[in-house]
Amino acid sequence: LTRLYGPLTALSNVRVDVMSALVSFDRVFEVLDLRPGIAEKPGATPIPAGSGLIEFRDVRFRYPSAAEVSLATLEDVASLDHRENEEVLAGLDLTVEPGQMVALVGPSGAGKSTTSMLVSRVYDVTGGSVRIGGVDVRDATLESLRDTVGVVTQDSHLFHETIADNLRYARPGATEEQMWDALAGARIAGLVRALPDGLDTVVGERGYRFSGGEKQRLAIARLLLKQPSIVILDEATAHLDSESEAAVQRALAEALRGRTALVIAHRLSTIREADQILVLDRGRIVERGRHEELIVAGGLYADLYRTQFAELPSREMAVGPLAGD
Ligand code: ATP
C-alpha cells in the first residue's frame, strides 16, 4: 500500500506546487495590472518622477483576436465575440495637463474603459501613441509606469491576506504609522482599528468581508500610500448607502488633490468640477469642453446629461442650467 500511496502523495504534492505557482502568477499579474505580451523593452527609459502630463496622439485600438490572446486567461478569451476585430478607438487625440481632472463620458460601449486602460498599459495601442511626461508608455520602464499611475476601479481586489499585506502591495516598505495615516486619509482607519486584529486582520473571501464602499476606501488607502502623480478612476455605478458614499467621496477628494486625474465619470459632481469633459461615442471624441459650454451646445452631452446624470438622487443636484428640467 505504501508503494502505491507514495507516488500518489508525490503526485498530489506536484499538483499543489503547480496550483500555487498559478495562484502567484495570477497575483503578480493583477498587482502589476499587466497582461502577457506587455513587456519592458530593452533599454527602456523611466518616466520622470512626478510626471502628470498625459497625451494621446491619434490613438487607435482594437482588441486582440482570440488567437492573439492565447496566452491570456480563459475568461478573456470567453469575453471576445464577433466584434473582436473592430476598431474600438478610431483616432483619439487628448491632452490632460498636470493637475487637471478630465472626465470621460459617453454611451455604453463608447470606449471609456478602453481609453483608461491604455494609460496603465493593460493593453497597448494598435496605432498612434500614449505618452506620460513625454515618454511613450511602450518605451517606459514598467517600474516607473507603476509608480506614476494609480488605478481605482469599481471592484478593487483584496487578496486573502492581512490588511497590512494588502496595503504593502502599494508600498512594500510602508511602516505601520504610514499605513494608519493612509487609512485615516481614506476614512477607514476607525473601522480597521475596531477590528480585534487591526492591521493583521485577514480579509477576502474566507476572511473579513468588507462592503463595496469599504473596499473602495481600502483601494484609496493604497493610492495614498503609493502617491502616484496620475490617478485613473472608474467611478462606482453600484449603489452605495449614503454614509458610505459620502465617506468614499471625502476620501477621493483627498486622494485626488494635486494629482492628474482621468475619471470615467458617473457622478454629477465630477462632471461639474471637471476641467475638461470628453464625450466619447463609438471610439471617437465627439465633444469636449466644460459642463456649461456643452449644455449650451445642445449635442450628445446635453442628451446624456438629461438621461444619465439628471436622474441622479436629488442630493446630488446642484444648481445649474438644466437642474430641475
Ligand atoms: P461602459 O460604459 O458600458 O463600461 P465603455 O464606454 O467603457 O462602456 P468599453 O468597455 O471601453 O466601453 O468598450 C468599448 C468597446 O470594446 C465595446 O464595443 C466593447 O464591447 C468592446 N470590448 C471591450 N472589452 C473587450 C474585449 N476584452 N474584447 C473584445 N471587445 C471588447
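The largest nonpolar core of this predicted model contains 74 residues, and Ala103, Ile220 and Ala221 have the most contacts inside it. The greatest contribution to this core comes from helix H8 (residues 212-226), which supplies seven residues. As a general background, nonpolar side chains in soluble globular proteins tend to be buried together. Ile220 touches Val152, Ala186, Ala251, Leu252 and Ala255, when residues up to four places away in sequence are not counted.

## Overall composition

The chain has 12 helices and 10 strands. Of its 325 residues, 32% are buried. Among contacts with a separation of 6 or more, 77% are between residues 24 or more positions apart.

## The six-stranded sheet

Six strands form an open sheet in the order S6-S7-S8-S3-S9-S10, and the pairing is mixed.

S6 runs parallel to strand S7 (residues 230-234), to which four bridges join it. In this pairing, Val149 stands opposite Ile230 in S7. S7 is in turn joined to strand S8 (residues 260-264) by five bridges, and these two strands also run parallel. Asp234 has Ile264 in S8 as its bridge partner.

Helix H12 (residues 300-309) lies across strand S3 (101-105), strand S9 (276-281) and S10, and runs at about 95° to S9.

## The four-stranded sheet

A further open sheet has four strands in the order S2-S1-S4-S5, with antiparallel pairing. Strand S2 (87-96) and strand S5 (135-136) are at its edges; each has a single partner strand, so one side of each is left without a neighbour in the sheet.

Strand S1 (residues 54-62) pairs with S2 over seven bridges in the antiparallel sense. Two positions illustrate this pairing: Phe56 stands opposite Leu94 in S2, and Glu55 stands opposite Thr95 in S2. S1 also pairs with strand S4 (residues 127-132), in the antiparallel sense and over five bridges. Here Ile54 stands opposite Ile132 in S4.

| Strand pair | Sense | Bridges | A facing pair of residues |
|---|---|---|---|
| S6 and S7 | parallel | four | Val149 and Ile230 |
| S7 and S8 | parallel | five | Asp234 and Ile264 |
| S1 and S2 | antiparallel | seven | Phe56 and Leu94 |
| S1 and S4 | antiparallel | five | Ile54 and Ile132 |

## Helices H8 and H9

The axes of H8 and helix H9 (residues 242-256) come within 10 Å and cross at roughly 10°. An angle under 35 degrees counts as roughly parallel, and H8 is therefore roughly parallel to H9. From H8, the residues Gly213, Gln216, Arg217, Ile220, Leu223 and Leu224 meet Ser244, Glu245, Ala247, Val248, Ala251, Leu252 and Ala255 in H9. The residues of this contact comprise eight nonpolar, three polar and two charged.

Leu256 counts as buried because it has 20 C-beta neighbours inside 10 Å, the number at which the buried class begins. Leu256 touches Met101, Val231 and Ala261, not counting residues up to four places away in sequence. Between Leu256 and Gln100 the C-alpha to C-alpha distance is 9.9 Å, although the two are 156 residues apart in sequence.

## Helix H3

Helix H3 (residues 112-119) has six of its eight residues buried, so the helix is largely enclosed by the rest of the structure. The buried residues in H3 are Lys112, Thr114, Thr115, Ser116, Leu118 and Val119. Just after H3, Arg121 adopts a positive phi of about 65°.

Technical notes
Residues numbered from 1 in each chain as written. Predicted model: local features only at pLDDT ≥ 70, side-chain atom pairs only at ≥ 80, totals over all residues. Pairing = 2+ DSSP bridges. Core = buried A, V, L, I, M, F, W, Y, C linked by C-beta atoms within 7 Å. Buried ≥ 20, exposed ≤ 12 C-beta atoms within 10 Å, placed from the backbone. Contact = placed C-beta atoms within 7 Å. Axes fitted to C-alpha atoms, helices over the stretch in contact; angles between N-to-C directions. Parallel < 35°, antiparallel > 145°, perpendicular 65-115°, else oblique. Nonpolar A, V, L, I, M, F, W, Y, C, P; charged D, E, K, R; others polar.
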